[in-house]
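Here is a friendly note to read alongside the model. Please keep the structure open and look up each residue as you reach it.

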Amino acid sequence: MAAAIRAESVATEKLGITIEKNPPESKLTQLGVRNWPKWGCPPSKFPWTYSAKETCFLLEGKVKVYPNGSDEGVEIEAGDFVVFPKGMSCTWDVSVAVDKHYQFE
């Protein structure tokens with residue numbers, strides 16, 4: 001029996017960060033993402049530590065996130081649904097101004 005090909009987007013995990021590209025609007029609606037608080041910043045580079053798990057959806061922007069201890073960065077951009085684990089320390093390198101909805105757990 002052939003596996004059904006689903007049109008749903010698939011989340012990938014890299015260096016502890018989970019990214020889902022262009023999730024369906026139905027998922028965003030179900031989670032209430034458009035009602036979450038918003039945060040934004042201009043192009044910049046800064047350290048950040050997650051004191052809680054953060055789930056966010058980028059409306060605009062492009063960022064490379066470098067988890068501490070890794071030379072490799074994880075690129076996130078507009079349309080990405082991202083989960084950062086609690087306790088992660090990293091450096092945000094913002095190349096295009098960010099506007100995002102976010103929620104801490």
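This is a predicted model: local features need pLDDT of at least 70, side-chain atom pairs count only at pLDDT 80 or more; totals for chains, interfaces and linings use all residues.

Where is the place of leucine 15 in the chain? Keep that in mind as you go through the points below.

1. **Leucine 15.** You will find leucine 15 in the loop between β1 (11-14) and β2 (17-21). Its phi is near 55°, a positive value in a residue other than glycine. Most residues other than glycine have a negative phi, so this backbone angle deserves a second look.

2. **Asparagine 22.** Now move to the loop between β2 and α1 (25-31), which holds asparagine 22. Asparagine 22 is not a glycine either, yet its phi is positive, at about 45°. Is asparagine 22 buried or exposed? With a relative accessible area of 57%, asparagine 22 counts as exposed, because the cut-off for that word is over 50%.

3. **The overall layout.** Let us step back to the whole chain. The chain has one helix and eight strands, and along the sequence they come in the order β-β-α-β-β-β-β-β-β. The radius of gyration is 14 Å, close to the 13 Å that the globule rule gives for 105 residues, so the chain is as compact as a globular protein of that length. Along its principal axes, the C-alpha trace spans about 50 × 30 × 25 Å.

4. How much of the chain is made up of buried residues? They account for 35% of the 105 residues. The accessible surface comes to about 6,300 Å², and 53% of this belongs to carbon and sulfur atoms. Among contacts between residues at least 6 apart in sequence, 73% join residues at least 24 apart. On the charge side, there are 12 positive and 14 negative side chains, and the centres of the two sets lie 2 Å apart.

5. **Isoleucine 17.** Back in strand β2 you can find isoleucine 17. Isoleucine 17 counts as buried, at 0% relative accessibility. Valine 83 is 66 residues away from isoleucine 17 in sequence, but the two are 5.9 Å apart in space, C-alpha to C-alpha. Leaving out residues up to four places away in sequence, isoleucine 17 touches several others, including Val65, Pro67, Val74, Val82 and Met88.

6. **Glutamate 20.** Strand β2 also contains glutamate 20. Glutamate 20 is buried, with a relative accessible area of 6%. Which side chain does glutamate 20 make a polar contact with? The partner is the side chain of lysine 27, at 2.5 Å.

7. **Aspartate 80.** The last stop is strand β7 (residues 80-84), where aspartate 80 sits. Aspartate 80 is buried, with a relative accessible area of 1%. The side chains of aspartate 80 and lysine 21 are joined by a polar contact of 3.1 Å. Setting aside residues up to four places away in sequence, the residues that aspartate 80 touches include Ile19, Glu20 and Lys21, as well as Cys56, Phe57 and Leu58.

How values were computed
Residues are numbered from 1 along each chain as its sequence is written. Side-chain values use heavy atoms; hydrogens and water are left out. Helices (H or I, at least four residues) and strands (E, at least two) are DSSP runs, numbered from the N terminus. The radius of gyration is taken over C-alpha atoms; the globule rule is 2.2 Å times the number of residues to the power 0.38. Buried means under 20% relative accessible area, exposed over 50%, partly exposed in between (1.4 Å probe, protein chains only). Contact means heavy atoms within 4.5 Å. Accessible areas come from the Shrake-Rupley method with a 1.4 Å probe; for residues, only the protein chains shown count as cover. Lys and Arg count as positive and Asp and Glu as negative; His and the chain ends are not counted. The place of a charge is taken as NZ of Lys, CZ of Arg, CG of Asp or CD of Glu. A polar contact is a pair of N or O atoms within 3.5 Å; within protein, one must be able to donate a hydrogen and the other to accept it, and residues adjacent in sequence count only if both atoms are side-chain atoms.
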